[in-house]
Amino acid sequence: MKYSKLLIPTVKEVPAEAEITSHRLMIRAGFIRKVASGTYTYLPLGLRCLQKIMSIVREEMNAADAQEIDMPFVQPMELWEKTGRREAYGETLGWFTDRHGRENALSPTAEEIVTSLVAAEVSSYKQLPLNLYQIKMKYRDEFRPRFGVLRSREFIMKDSYSFSATLENLDEIYQSMRDAYCKMFKRCGLKFVVVQAQSGEIGGSGSEEFMVPCAAGEDIIVHTEDGSYAANIEKAQIDAPAKAEANSDAPAPEQINTPNATTIDEVCQLLGTTPQEMIKTLVYQIGEKVVVAMVRGDHDVNEDKLRAAAGGGTVELAEEAIVQEVSGAAVGFAGPVGLTVKVDQIVIDPWVAAMESGVAGANKTDYHVRNIVPGRDFALDGEKASVVDIRNAIEGDTNNGKPLQFSRGIEVGHIFKLGTKYSEKLGATFLDENGETKPCIMGCYGIGINRILASAIEASYDDNGCILPVSIAPFEVEIIPLNNDKEEVSGLADTIYTKLQESGVDVLMDDRDGRPGVKFKDADLLGIPLRVVIGERGLKEGNVEVKRRTDDKPTNIPVDDAVSTVLEWLGELKQNLQ
RNA sequence: CGGAGCGUAGCUCAGCUUGGUAGAGCGCUGCGUUCGGGACGCAGAGGUCGAAAGUUCAAAUCUUUUCGCUCCGACCA
């Protein structure tokens, strides 16, 4: 295509609000423009990138026997009520009331629709398995859109849903999706890691995320140095500590006056202790239950782990009144000893259970207690109490004896085994070989198309702009004729342009009547992998210049070899992404 | 939803403290000179200063309200 005909509004300056590199570069290169918070227009070049990514995703999905369908963006709210997800999604779910007074949800995902479809159309095990997908815009009214297109309200997601008759078949499809995802991300030129994530209904190894390691990522990845273990911090398993010897000679608990010391820091300062010696006691409201969680003073409660320990539900810190009722004291003085019967469940982190003795709130305003021995002064098991890992991993923790390291990543894909949650609620059942009615066993698999583009840029750029993988760059080759008014230059440029196009190459011709510097700067900014410069200087020697975006200097190539060289180099670039 | 900040030309921003004729750079239009890494000169177009109300002889500037945006936090199948 001709540059002069395309809307490519490159800019030198970028709003202060664009903080991360991919956001800044996408604006500078004229890929996107913001319309409102979390909503963007994709200009021709940005859309080209997305389309190339979508093609790759589509090819690999089809190759994995998934079938493309297209489901509505506007969905009847009653379906969302049936599955209870209207409540579960809360305010993130966008919706509107139509002229007939019916409520409609703006699709943030499509389990309800696809499961209803299968409920209506599938009745026999002979019709299974099925793996249905779509690539479509999604809407989520995010509390806080940020980082450009990394967390936007509207985004394009490839979402697929598999329906199996048996658990074994679910495992097979899950594995085939996992393999397909690896191929797609590789083809998109992304370096990624697969990490364990919050499990689906079935549990076990039921959920994995595909992360692009990157400092700007929102997720924290926990992994061992050799990569044998990697997980989202929400999920990361931590080795339990060695149990301290039960010390029957330990001094008895001693109450101490700690006026107004309600935080770990304040108590430590007052008593000269360290956070490691403290037992942090937090009162949570989880669903209908009041749950007390205990972690060591230097640890943080992981609310996802806590939710799992409590058997699900919305996790919230309890209101002041409940805390007062439970502990019999002002907020900040709760402790393990002498909690009221109001508590439904007590979850103790293994690292608390292993403490020789600790300092905790006294359940009495302005008092703490020292010399509390877990197991002696409060129960570690019983009707309500149990010891479960409920904290976030921190520096120094290990998994299977190997030290855990931390890094950040962008979640570009997420696969998981759903089980029968939706199929049961929406009646997606089938008759098996024995004539028994059974619910379909589901899996679901998502990919953020826009995030692939943003993370590709985030992963590869320099001072001059994007360095895009050839598979997703807006064009594969850019031709820059420097002295366009000279017949020999523009003529040769046209010839090379036509020949490359005939060879199936996606070429951009910078036919603008501009100065060379402007063209060079723009070409670099756009991140197009190969550049051909045709100028009088080179032509005198019978050469044109060919340069990879990653090369420091161009290479002189005889005019007659220009097309073949470009094709050859292009082939090499593509080969690297197989 | 809590905390902080910002809304002035197409874009990036100054001006506001101390009220008094609307500014710069980039971009854009025309002409000329340039032409291998974001050229230069001259001439020009372009703004109800987010909106509303108030104080004042006079408001971009002070007060109040409101809308939008951004950052930190909470939240995130």
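Let's start at helix 8 (residues 303–310), where Lys305, Leu306 and Ala310 are buried, buried meaning under 20% relative accessible area with a 1.4 Å probe, protein chains only. Looking down the axis of helix 8, you'd find its buried residues within an arc of 135°, so they line one face of the helix; the arc is taken from the directions from the helix axis to the C-beta atoms. This is a predicted model, in which local features need pLDDT of at least 70, side-chain atom pairs count only at pLDDT 80 or more, and totals for chains, interfaces and linings use all residues. Residues are numbered from 1 along each chain as its sequence is written, chains are lettered from A and ligands numbered from 1 in the order in which they are written, and side-chain values use heavy atoms, leaving out hydrogens and water.

What covers that buried face? Strand 14 (279–286), strand 15 (289–296), strand 16 (315–317) and strand 17 (345–348) are among the elements covering the buried residues of helix 8. Helices here are DSSP runs of H or I with at least four residues, strands are runs of E with at least two, and both are numbered from the N terminus. At the N-terminal end, Asn302 caps helix 8, with a side-chain oxygen 3.0 Å from the backbone nitrogen of Lys305. Just past the helix, Gly311 has a positive phi of about 85°.

Helix 9 (residues 320–327) comes next, with Val323, Val326 and Ser327 buried. These cover an arc of only 80° around the axis, which puts them on the same side of helix 9. Strand 14 and strand 15 are included in what covers them. After helix 9 comes Gly328, with a positive phi near 70°.

Now for helix 1 (residues 21–28) and helix 12 (residues 449–459): their axes come within 8 Å and cross at roughly 105°. That makes helix 1 roughly perpendicular to helix 12, a label used for angles of 65 to 115 degrees. Thr21, Ser22, Leu25 and Met26 of helix 1 make the contact with Leu453, Ala454, Ile457 and Glu458 of helix 12, contact meaning heavy atoms within 4.5 Å.

Our last stop is Asp522, in helix 14 (residues 516–526). Is Asp522 buried or exposed? Asp522 is buried, with a relative accessible area of 8%. Its side chain is joined to that of Thr10 by a polar contact of 2.9 Å. Not counting residues up to four places away in sequence, Asp522 touches Tyr3, Thr10 and Arg512.

Terms used:
Buried means under 20% relative accessible area, exposed over 50%, partly exposed in between (1.4 Å probe, protein chains only). A polar contact is a pair of N or O atoms within 3.5 Å; within protein, one must be able to donate a hydrogen and the other to accept it, and residues adjacent in sequence count only if both atoms are side-chain atoms. Axes are lines fitted to C-alpha atoms, for helices over the stretch in contact, and angles run from 0 to 180 degrees between N-to-C directions. Angles under 35 degrees count as roughly parallel, over 145 as roughly antiparallel, 65 to 115 as roughly perpendicular and the rest as oblique.
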